[in-house]
Amino acid sequence: MTDFAYKPTLTGELVELRPVTEDDYPALQEAMDDPEVVKLTASRGEIGEEAARTWYRTRGEQTDRLDLVIVDRTSGEVVGEAVLNDWSPEDESCNFRIFIGPKGRGRGLGTEATRLIVGYGIEELGLYRIDLGVYSFNPRAQRAYEKAGFVVEGVKRQALKWDGERYDEIVMAVLAPEWKAAALRSEA
Ligand SMILES: CC(C)(COP(=O)(O)OP(=O)(O)OC[C@H]1O[C@@H](n2cnc3c(N)ncnc32)[C@H](O)[C@@H]1OP(=O)(O)O)[C@@H](O)C(=O)NCCC(=O)NCCS
């Protein structure tokens, strides 16, 4: 068992997840500038280049979260990020979030990245619960999360107000026993 201070590289067939560095700023900013990413993650305003660079530069020092970039193994390019945050040590739980820019979407990278970081969180960090929020207008993300083992727990009704419209936020989570049972099944 390890802890959040250690920053792993996780390698799958399609993606490699590795610790984010300041040098990843241009690729991540490009992905985040995509209008779909802006809406689907409900991003409200940019923090500016200097603050963003400082943010990425300091992720390696954090002992309560894990920020990994998603590298498309076909091109070697950074296409997005996958993060475990909002850790609650008492509950052995945390939140998960992910985004992938236009260059990396719709080819299975998101599903594999989700499986890799969730597997690491449960099997190596000893987390019992990983949860997330996904907006009702994002069925692609919901599908990717379901494929990676998340189940719908409920709905935060009309939680998001975006461009004057209100939208539901769906809460999904995966629990360690479910994950382990599914992982064992897929090995059999
Ligand atoms: C969400 C995200 C990580 C998913 O990663 P991805 O690599 O694009 O997704 P995958 O290719 O692994 O899987 C997508 C699945 O959704 C399905 N899908 C795509 N569009 C869909 C739609 N409109 N309705 C339902 N399912 C859809 C795909 O067919 C695929 O399922 P399948 O393999 O059973 O056919 C990525 O699209 C992304 O970052 N999008 C922008 C930001 C975002 O939405 N972040 C999440 C916020 S909660």
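Strands β3 and β4 form a hairpin with five residues between them. In the turn of this hairpin, Gly-76 has a positive phi of about 80°. The model is a predicted one. Strand β3 covers residues 66-72, and six bridges join β3 to β4 in an antiparallel arrangement. One of the residue pairs across these strands is Asp-67 with Val-83, the latter being its bridge partner in β4.

The pairing of β4 and β5 is antiparallel and runs over seven bridges. How much of strand β4 is buried? Nine of its 11 residues, which span 78-88, are buried, so β4 is largely enclosed by the rest of the structure.

The next step leads from β5 to β6. Strands β5 and β6 pair in the parallel sense, over three bridges, and Asn-95 stands opposite Asp-131 in β6. These strands belong to an open sheet of eight strands with mixed pairing. The order across the sheet is β1-β2-β3-β4-β5-β6-β8-β7. At its edges are β1 (10-11) and β7 (151-162), each of which pairs on one side only.

The largest nonpolar core has 34 residues. Ile-70, Leu-84, Phe-96, Ile-130, Tyr-145 and Phe-150 touch the most other members of this core. Helix α4 (residues 109-123) provides the largest share of the core, six residues. A second core is separate and has 11 residues, including Val-20, Ala-31, Val-37 and Val-71.

Phe-96 can be followed in more detail. Leaving aside residues up to four places away in sequence, Phe-96 touches, among others, Ala-82, Val-83, Leu-84 and Asn-85. Its contacts also include Thr-114 and Ile-117, then Ile-130, Asp-131 and Leu-132, and finally Tyr-145 and Phe-150.

The structure also contains open spaces. The largest pocket has a volume of about 1200 Å³. It is lined by 46 residues, and those closest to its centre are Val-37, Thr-41, Ile-98, Phe-99 and Ile-100. Which elements supply at least two residues each to this lining? They are the helices α1 (25-32), α2 (35-40), α3 (49-58), α4 and α5 (139-147), together with the strands β5 (93-100) and β6 (129-135). The largest share, six residues, comes from α5.

Helices α4 and α6 (176-187) each supply at least two residues of the lining, and α6 gives the most, with five. Four of the lining residues are nonpolar, two are polar and four are charged.

A search of the whole structure finds one cavity of 30 Å³ or more, and the largest cavity has a volume of about 30 Å³. Its lining consists of Lys-7, Pro-19, Val-20, Arg-59, Gly-60, Arg-65, Leu-66 and Asp-67. Of these residues, three are nonpolar, one is polar and four are charged. Asp-67, part of this lining, is the residue whose bridge partner in β4 is Val-83.

Key. Residues numbered from 1 in each chain as written. Predicted model: local features only at pLDDT ≥ 70, side-chain atom pairs only at ≥ 80, totals over all residues. Heavy atoms only, no water. Core = buried A, V, L, I, M, F, W, Y, C linked by side-chain atoms within 4.5 Å. Buried < 20%, exposed > 50% of the residue type's maximum accessible area, 1.4 Å probe, protein only. Helix = DSSP H or I, 4+ residues; strand = E, 2+ residues; numbered from the N terminus. Contact = heavy atoms within 4.5 Å. 1 Å grid on protein atoms, 1.4 Å probe; cavity = no way out; pocket = protein on both sides within 12 Å on 5 of 7 lines; lining within 4 Å. Points joined across faces, edges and corners; volume = space filled by probe spheres on them. Nonpolar A, V, L, I, M, F, W, Y, C, P; charged D, E, K, R; others polar. Pairing = 2+ DSSP bridges.
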